[in-house]
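Here are my notes on the model you sent over. Have the structure open while you read; the points go site by site.

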Amino acid sequence: MTRLAIEQIPVLSDNYVYLLHEPESGATAAVDPAVAEPVLAALAARNWRLTHILNTHHHGDHTGGNLELKQATGAAVVGAGKDSERIPGIDVEVREGDTFLLGHAAAMVLETPGHTSGHIAFWFPDSHALFCGDTLFSLGCGRLFEGTPEQMWASLSKLRDLPADTRVYCAHEYTASNGRFARLVERDNIELAARLDQVTRLRAAGRPTVPSPLSEERAANPFLRADQPAVARAVGLEPGTEPARVFAELRRRKDVF
Ligand code: ZN
Ligand code: FE
């Protein structure tokens with residue numbers, strides 16, 4: 001069992017790039033490098049050599065640094081086989097259920113369509129770490145640019161079913177604004193209230209709210225709770241309504257929030 005060292009690099013206005021380092025082999029990956037320069041600086045500071053680039057999806061704020069990093073380091077680009085046309089510099093195509101090895105650390109590839117049609121997540125069970133790009137955010141989820149609510153609900157349900165002690169490394173610091181919406185959906189949710197207090201304190205101190213434990217997201221993130229009666233009622237639907245329909249209404253309301 002090999003545990004990764006994980007470094008979080010804030011870039012652009014609200015993106016996070018993650019550096020994953022597998023200490024035995026020295027293999028090191030950058031997840032969703034929006035830009036190259038801060039990643040190269042972080043690698044140099046740690047004396048790590050980049051061997052892989054992992055992309056969750058094709059958007060520029062996740063792949064913008066691919067080619068420059070590849071040229072500077074020779075790293076191999078790993079991305080969705082279903083989206084190979086749109087992942088700059090892709091070398092390794094992965095699919096649902098594939099295992100990707102970063103040195104001795106194994107990641108399972110999960111296809112999570114909805115935000116984009118080819119979106120994937122990388123789950124490292126031994127490190128209790130999920131890199132889920134723009135599918136699941138803390139207290140929120142990605143917009144549906146290329147998918148249906150049914151697809152996105154299925155993708156989020158798949159992530160929700162991972163072990164409770166999984167940590168959710170999402171690609172954006174959107175938690176505070178997500179929280180303002182979440183509070184309107186579930187006013188009486190005690191776990192959500194506690195998380196909102198924590199988020200306020202962290203942001204006031206200039207600290208990230210990401211990663212978060214999956215257990216907390218299950219308890220407080222309305223987009224993982226579309227099958228809860230209180231959430232259905234909050235968006236004007238009967239308890240017992242198909243969760244994908246409740247999810248669709250939540251997402252629609254968040255889009256105009
Ligand atoms: Zn995106
Ligand atoms: Fe993004």
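How are the donor residues of the iron ion (ligand 2) spaced in sequence? They follow D-H-x71-D-x37-H. Before the details, a word on provenance: this is a predicted model, where local features need pLDDT of at least 70, side-chain atom pairs count only at pLDDT 80 or more, and totals for chains, interfaces and linings use all residues. Residues are numbered from 1 along each chain as its sequence is written, chains are lettered from A and ligands numbered from 1 in the order in which they are written, and side-chain values use heavy atoms, with hydrogens and water left out.

1. The iron site. The iron ion (ligand 2) has D61 (OD), H62 (NE2), D134 (OD) and H172 (NE2) as its protein donors, at 2.1 to 2.3 Å. Donors here are N, O and S atoms within 2.8 Å of the metal (3.2 Å for Na, K and Ca); water is not among the atoms, so sites may look incomplete. The angles among the four donor atoms run from 83 to 169 degrees, and the site is irregular. That label is what remains when four donors are neither tetrahedral (all angles between 85 and 135 degrees) nor square planar, and six are not octahedral (for these two, opposite donors over 155 degrees apart and all others between 65 and 115).

2. Helices (H or I, at least four residues) and strands (E, at least two) are DSSP runs, numbered from the N terminus. H172 is buried at 3% relative accessibility, while D61 is partly exposed at 21%. The cut-offs are under 20% relative accessible area for buried and over 50% for exposed, with partly exposed in between (1.4 Å probe, protein chains only).

3. The zinc site. H57 (NE2), H59 (ND1), H115 (NE2) and D134 (OD) coordinate the zinc ion (ligand 1) at 2.2 to 2.3 Å. Angles of 86 to 174 degrees make this arrangement irregular.

4. D134 bridges the zinc ion (ligand 1) and the iron ion (ligand 2), which are 3.2 Å apart. H59 lies in the loop between β4 (52-54) and α2 (60-63), and D134 in the loop between β10 (129-133) and β11 (136-137), so the pair ties together parts 75 residues apart in sequence. D134 is buried, at 4%, and H59 is buried too, at 18%.
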